Amino acid sequence: MGLSCFVCFDGGRKQQRREEERLASAEARAKAAEAAQKRQEQFEKSAAGRAACAQLQGMAKQSANSNKGEPVLKWQMS
């Protein structure tokens, strides 16, 4: 009977350790997400970030205007 109580007690410690690890992992993920968000905001404010945004907008605009409703591949009979 003494051995079974030890197993129960040890299982409780394992469960507590797992819960502590889960909480620490969640906290680490939250900190990483916050740091990534700050880096993204700093990049968007930088000259390189603004240039990249302008380039993406220009590419999207060009892509939207390049087709103008015509088929991409045209069939030509000779």
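At 47% relative accessibility, E34 counts as partly exposed (buried means under 20% relative accessible area, exposed over 50%, and partly exposed in between, with a 1.4 Å probe and protein chains only). The structure is a predicted model, in which local features need pLDDT of at least 70 and side-chain atom pairs count only at pLDDT 80 or more, while totals for chains, interfaces and linings use all residues. Residues are numbered from 1 along each chain as its sequence is written, and side-chain values use heavy atoms, with hydrogens and water left out.

The chain contains two helices and zero strands, assigned as DSSP runs numbered from the N terminus (helices: H or I, at least four residues; strands: E, at least two). Of the 78 residues in the chain, 1% are buried. The accessible surface amounts to about 7500 Å², with 58% belonging to carbon and sulfur atoms, as computed by the Shrake-Rupley method with a 1.4 Å probe.

Three salt bridges were found in the whole structure, each defined as a side-chain nitrogen of Lys or Arg within 4 Å of a carboxyl oxygen of Asp or Glu. E34 pairs with K38 at 3.6 Å, N to O; these residues lie four apart in helix α1 and are therefore separated by about one helical turn. K38 is partly exposed, at 46%.

E27 and K31 form a salt bridge at 3.5 Å, and they are likewise four residues apart in helix α1. E27 is partly exposed, at 47%, whereas K31 is exposed, at 54%.

In the salt bridge between E19 and R22, the closest N and O atoms are 2.6 Å apart. E19 and R22 are three residues apart in helix α1 (residues 2–45). Both are partly exposed, E19 at 36% and R22 at 46%.
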